[in-house]
Structure formats: structure tokens, C-alpha cells
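Please read the points with the sequence and the model at hand.

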Amino acid sequence: MTNDERLDSLLDSWAATQRLDQREAERILDAIIATPPETAPAPTTLPATWWQDFSAQVTAAVVLASHGPRLATNPVPLTA
Amino acid sequence: MTVTTTDDRATFTRLFDEHRAGVHASLLGRTSDAEAAKDLLQETFLRVWRRVDEVAALPPERQRAWIHAVGRNLVIDRYRAEATRRATLAAVRGRTPEAVDDPDTVERLAVHDELDQVQRAITDLPEELRTILTMSAVGELTSRQIGEALELPPGTVRAKLHQARTRLTDRLEVSR
């Protein structure tokens, strides 16, 4: 027997004592599948749509504030 | 709320059957602790179960890498928690962390037969070599599969496997 064969034989014997047996694997599988699906955590922050709306409102307010008053292009004629 | 379906269960069972031996071997290699490896295996696949749709959507080689990365992170978390626990115990007892009883040392005194010698020799390998050797011997993974799991080229895996075997041969005096 070569050194490699001798080592393979030792490793095979050792590995056989280390493998998870089928019954244990099934126990683990069953335990996991029996776990109820994870409930999504309650949101702790505002939803993204709220921030989009808020951002749009801020932008609109900034734009409005940075422009002068609209010129009267069509003045109402003065009447006597 | 996540709702699992029969399809989810079938997908998960397929992932579990396909990867559990390799993941278990990897966890065993990293921890050298059969009970810890079982606990970590369950925890790893519990995380897969919770994100089964996401994992199933990955290409096969990425699935392996994803699942093994979860296992690796859980081992790191466990080491950290264990180091903290030992340091706390040592502080309470007024001893240094190194002085805490080492189960490996106790075990070494108790075991004598050939398989125990193999176990000790493997336990004493550096973690990376030990993990690769265990994934090969216990998990029966190919170099390519080990490479996918550890994100290493297959050639590197083969070189490290050779290194591990050489060290074991020397340690166990296989050639005697």
C-alpha cells in the first residue's frame, strides 16, 4: 500500500465517523421547515413614497421662492 | 409577511439535500466540533429557508457561495461570542483567557487510537487547510465545488489539499 493509499484509507475511516447521518439531517430539515415564515418587521421609518412627496414639495417651494412675482402680461384695462 | 408555499418547501428541500453535506463539512472543518457544526448547519439553513426565493434565483455556483458565506459568518459570530464569554469568565475567575480549560487538551489526554490520532492531526492543521481537507474527505466535494464555496480557484484548492495531505502524512507517519 502506498503512502497516498494509506492516508486515503485513514481519511475515509475518519470521514465516515464525521458525516451527518440521514436521520439527523432529516431532523434538522423538519425543524427548519416547521419554523413559521418570518414576519416582515414593522416599518420603523417613513415609507419611500412619503419622502418622494416631501422632496417634491420642498423642491416646488424652493423654486417658487427663488422666482420673482410673475409679470402681468395681460393687464386689466382701467375703466373710468 | 412572507408566505411559504409548497414550491418553497420543495425548493428548500432541494437546496438542503444538495448542499448540506458540503456545508456541514465546511462547518466541521472550521470548528472541529461536531455539535457546534450541527447547530451551525441548522442555523445556516434556517437563513436559507427565510430567503429561499432569493437564493433559488441565483445561478448554482452563486447559491453554493451564498450558503457557505452564511455559514462562514455564523462561525465568525460564534468565535466572537465564545471569545467574549471566555474573557468574561477569565476576568470573573481572575485568570487569563489562555488559562481557561481547553477541551482539546482534555481530549488529547483521553484518546489514543488511530482515528483519534487522525482527528488530532486534522484539528491541528491551520483552519484553511483543515476546512478544505474536511470538505473534500467528509463532504466529498470536488476541488471546483470547494473553490465555488470558498471563492478560490480550483488550482489553489488542489494545492492546499496537497499541502494538508503532506502535513498529515508527516504527522501521522503514514510512511512508517
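**Core and aromatic pairs**

1. The largest nonpolar core has 49 residues, and those touching the most other members are A:Leu11, A:Trp14, B:Phe12, B:Phe45, B:Leu133 and B:Leu168. A nonpolar core is a set of buried Ala, Val, Leu, Ile, Met, Phe, Trp, Tyr and Cys residues joined through side-chain atoms within 4.5 Å; buried means under 20% relative accessible area (1.4 Å probe, protein chains only).

2. The model is predicted: local features need pLDDT of at least 70, side-chain atom pairs count only at pLDDT 80 or more, and totals for chains, interfaces and linings use all residues. Residues are numbered from 1 along each chain, chains are lettered from A and ligands numbered from 1 in the order written, and side-chain values use heavy atoms, without hydrogens or water.

3. Four aromatic pairs are found over all chains (ring centres within 6.5 Å, taking the six-membered ring of Trp). B:Phe12 belongs to helix 1 (residues 6–31) of chain B and B:Phe45 to helix 2 (residues 34–50), so the pair ties together parts 33 residues apart in sequence; helices are DSSP runs (H or I, at least four residues), numbered from the N terminus.

4. Both B:Phe12 and B:Phe45 are buried. Ring pairs also link B:Phe12, B:Phe16, B:Phe45 and B:Trp49 into a cluster.

5. Chain B contains nine helices and zero strands (DSSP E runs of at least two residues). Of its 176 residues, 43% count as buried.

Terms used
Rings of Phe, Tyr and Trp (its six-membered ring) pair if their centres lie within 6.5 Å; planes under 30 degrees apart count as stacked, over 60 as edge-to-face and the rest as tilted. Buried means under 20% relative accessible area, exposed over 50%, partly exposed in between (1.4 Å probe, protein chains only).
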